[in-house]
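Thanks for coming. I will go through the strands, and then the aromatic pairs.

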Amino acid sequence: DKNISKVFNTFNNHLEDSKFINFSNSKDLYVITCEKNNKKFDIIWLSSNREIELTDFKKVYDKFGNLLENNIKITNKPIYAYHE
């Protein structure tokens with residue numbers, strides 16, 4: 001399936017040669033913080049069906065690797081959020 005392949009490739013592209021910094025969990029919110037090429041990013045997702053607005057990140061990509069520019073929400077689908 002093309003979508004599974006896109007998700008897998010996006011995951012590998014972000015994590016390849018990255019350094020794990022931290023994992024945190026608060027109720028249904030999960031965050032993995034990594035660093036790659038001197039840039040920190042978070043992989044963020046929820047284990048529930050609620051949504052949380054995401055603010056204060058430089059660039060955010062969805063699970064397919066598409067740049068998100070407006071109305072960015074944390075959901076049960078992982079996103080890759082690069083720090084300022």
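β1 and β2 run antiparallel and are joined by 7 bridges. This is a predicted model: local features need pLDDT of at least 70, side-chain atom pairs count only at pLDDT 80 or more, and totals for chains, interfaces and linings use all residues. Residues are numbered from 1 along each chain as its sequence is written, and side-chain values use heavy atoms, with hydrogens and water left out.

On terms: strands (E, at least two residues) and helices (H or I, at least four) are DSSP runs, numbered from the N terminus. Two strands pair if DSSP finds at least two bridges between them.

Back to β1 and β2, which form a hairpin with 2 residues between them. K27, in that turn, has a positive phi of about 55°. S26 stands opposite L29 in β2.

The next hairpin is β2 with β3, again with 2 residues between the strands; here N37 in the turn has a positive phi of about 55°. β2 covers residues 29–36 and β3 residues 39–46, and they pair in the antiparallel sense over 8 bridges. L29 stands opposite L46 in β3, and V31 is opposite I44.

Now the whole sheet. The open sheet has 6 strands in the order β1-β2-β3-β8-β5-β6, with antiparallel pairing.

How many aromatic pairs does a search of the whole structure find? It finds 4. Rings of Phe, Tyr and Trp (its six-membered ring) pair if their centres lie within 6.5 Å; planes under 30 degrees apart count as stacked, over 60 as edge-to-face and the rest as tilted.

One of the pairs is Y30 with W45, stacked at 5.4 Å centre to centre and 10° between the planes. Y30 is in β2 and W45 in β3, 15 residues apart. F23, Y30 and W45 form one aromatic cluster.

Another pair, Y61 and Y82, is edge-to-face, with 6.0 Å centre to centre and 85° between the planes. Y61 lies in β5 and Y82 in β8, so the pair ties together parts 21 residues apart in sequence. Both Y61 and Y82 are buried, that is, under 20% relative accessible area, with exposed over 50% and partly exposed in between (1.4 Å probe, protein chains only). Y30, at 23%, is partly exposed, and W45 is partly exposed at 22%.
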